[in-house]
Amino acid sequence: DIIKKAIRNINNLLEDPRLKGKVQIELVAFSGGTEAYKKGSEYEAALKALVDKGVLVVQCLNTLKERKIEKTELFDFIGYVPTGNGELVIRAADGWIIVKP
């Protein structure tokens, strides 16, 4: 599935000897990706491991509003951004590369 693929891609990037210690990574969830951040999801350990490796794991607040999801339903180790697409636009403008699984 796409979430497993994204997590695998991030871990591969973190272990690439050419980039190790030289990249900052942010995983932005919005729309259907929000399900991965819900308490009880199968991705908790993998996402927590990414956070422990310095990956920013963030959720779009607009999606929560649209889907009537409370922050309390999500893992407590994630961050929040006003809009997922807005975060991507801002990061791209700052020179970040956007990689989709």
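Ala-29 has Gln-59 of strand 2 as its bridge partner. The model described here is predicted. Helix 4, residues 84-93, packs on the sheet. This helix touches strand 1, strand 2 and strand 3. The direction of helix 4 makes about 150° with that of strand 1.

The pairing of strand 1 with strand 2 (residues 56-60) is parallel and runs over four bridges. Three strands in the order 1-2-3 make up an open sheet with parallel pairing. Strand 1 and strand 3 (79-81) are the edge strands, and each of them pairs on one side only. On average, neighbouring strands of this sheet are turned by 35° against each other, direction ignored.

Attention now turns to a loop residue. Ser-31 lies in the loop between strand 1 (26-29) and helix 2 (44-52). The relative accessible area of Ser-31 is 36%. Buried means under 20% and exposed means over 50%, with partly exposed in between. Ser-31 is therefore partly exposed.

Contacts of Ser-31 were also examined beyond its sequence neighbours. With neighbours within four places in sequence left aside, Ser-31 is in contact with Thr-63 and Arg-67. The side chains of Ser-31 and Arg-67 make a polar contact at 3.3 Å. Asn-62 is 31 residues from Ser-31 along the chain. The C-alpha atoms of Ser-31 and Asn-62 are separated by 8.9 Å.

Key
Residues are numbered from 1 along each chain as its sequence is written. This is a predicted model: local features need pLDDT of at least 70, side-chain atom pairs count only at pLDDT 80 or more; totals for chains, interfaces and linings use all residues. Side-chain values use heavy atoms; hydrogens and water are left out. Helices (H or I, at least four residues) and strands (E, at least two) are DSSP runs, numbered from the N terminus. Buried means under 20% relative accessible area, exposed over 50%, partly exposed in between (1.4 Å probe, protein chains only). Contact means heavy atoms within 4.5 Å. A polar contact is a pair of N or O atoms within 3.5 Å; within protein, one must be able to donate a hydrogen and the other to accept it, and residues adjacent in sequence count only if both atoms are side-chain atoms. Two strands pair if DSSP finds at least two bridges between them. Axes are lines fitted to C-alpha atoms, for helices over the stretch in contact, and angles run from 0 to 180 degrees between N-to-C directions.
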